[in-house]
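Student: Could we go through this structure by question and answer?

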Amino acid sequence: LERQKRCEEGLQLCEIISTFKGEPSKDTLGQKASCLKGLNKLDEAVDSYDQALKLDSTNFSAQVNRAEILMTLDRYAEAVEGFNKAIALRPSCQEPYSSKAFALRKQGKLEEALETTEKGLTIQETHPNLLVLKGKILMGLARWREALEMFEGLIEILPEDVEVFSHKGFCLAKENEKNDALLCYDRALELDPDDEETDTWREELLQTMKNE
C-alpha cells in the first residue's frame with residue numbers, strides 16, 4: 001500500500017510538471033512510466049516509455065525497462081526487439097542478454113536463446129541466473145547430458161537452490177540414472193517441501209520405476 005501511494009503521488013507530480021512545462025521531458029516521461037508500472041498500468045507504462053524513447057532512443061534504462069514490461073505482457077517478440085536495442089547501446093552489459101534469452105525461450109526459439117546465453121556468459125561466465133537459464137534451454141533441446149553438467153556445476157555456486165537440484169534430478173532421470181535422480185529430488189524437497197514441480201517429477205519417476 002505504501003508503494004502504491006508513492007507511485008500515485010509520483011504520477012501526480014509528473015502530471016503537474018507536464019502542465020507547467022508544456023511538453024514533458026524524457027526524464028519526466030521515464031518517471032511517469034516507472035510510476036505507472038508500479039501501479040500495474042503496464043500498457044500505459046509502455047506508451048510513456050515509447051514517448052521518452054522518441055525524445056532519446058539512446059536511453060539504455062528506458063529500453064530495458066520497456067522490454068521487461070513487454071515480457072510481463074507476454075509480448076515476447078517486441079521484448080526481444082527492445083533488448084536488441086539495449087544490447088546495441090551497451091554490448092558489454094550482461095542484463096539484457098539474460099532477459100532476451102528468457103523471451104526467446106518463451107517463444108520456443110531455443111537455439112537462438114542458447115546462443116544469447118552464451119554471448120551473455122562471455123561477459124560474466126559465472127552469472128548464476130544465466131547459467132540456470134542455459135541449463136533449462138539445454139533441457140528444452142533434449143541435450144540432457146550437457147544440461148546435467150550445467151546443473152552439477154551450479155550446485156557449487158547455488159548449494160541450496162531448489163531449482164538446481166530438481167532440474168539436475170530431471171536430467172539424471174532422462175539419462176536413466178534414476179536412483180541419483182531421486183536423491184536430487186529428495187534434496188530439493190528438503191529445501192522446499194512445497195515445491196509442486198519437484199514433487200510431480202518425483203512421483204512420476206517413482207511410478208516409472210514401479211512399472212519396470
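This is a predicted model: local features need pLDDT of at least 70, side-chain atom pairs count only at pLDDT 80 or more; totals for chains, interfaces and linings use all residues.

Tutor: Residues are numbered from 1 along each chain as its sequence is written, and side-chain values use heavy atoms, with hydrogens and water left out.

Student: What length does helix H8 reach from its first C-alpha to its last?

Tutor: Helices are DSSP runs (H or I, at least four residues), numbered from the N terminus. H8 covers residues 128-140, 13 residues in total.

Student: Is H8 mostly covered or mostly uncovered, and which helices are included in what covers its buried residues?

Tutor: Buried means under 20% relative accessible area, exposed over 50%, and partly exposed in between (1.4 Å probe, protein chains only). H8 is mostly covered, with 10 of its 13 residues buried, among them Leu-130, Lys-134 and Met-139. The cover, judged by contact (heavy atoms within 4.5 Å), includes H6 (95-106), H7 (110-123), H9 (144-157) and H10 (162-174).

Student: Which element gives the largest share of the lining of the largest pocket?

Tutor: A pocket is an open set of points on a 1 Å grid over the protein atoms alone, where a 1.4 Å probe fits, with protein on both sides within 12 Å along at least five of seven lines; lining residues have an atom within 4 Å of a point. The largest pocket has a volume of about 160 Å³, and its lining includes Phe-102, Val-132, Leu-133 and Lys-136. The elements that give two or more residues to this lining are H6 and H8. The largest share, four residues, comes from H8.

Student: Where does Ala-142 lie, and is Ala-142 buried, partly exposed or exposed?

Tutor: Ala-142 follows H8 and has a positive phi, near 60°, in a residue other than glycine. Ala-142 lies in the loop between H8 and H9. At 43% relative accessibility, Ala-142 is partly exposed.

Student: What is the relative accessible area of Asp-74?

Tutor: Asp-74 lies in the loop between H4 (60-72) and H5 (76-89). Phi of Asp-74 is also positive, near 65°. Asp-74 is exposed, and its relative accessible area is 52%.

Notes:
The expected span of a helix is 1.5 Å times one less than its number of residues. Grid points are joined across faces, edges and corners, and a volume is the space filled by probe spheres set on the points.
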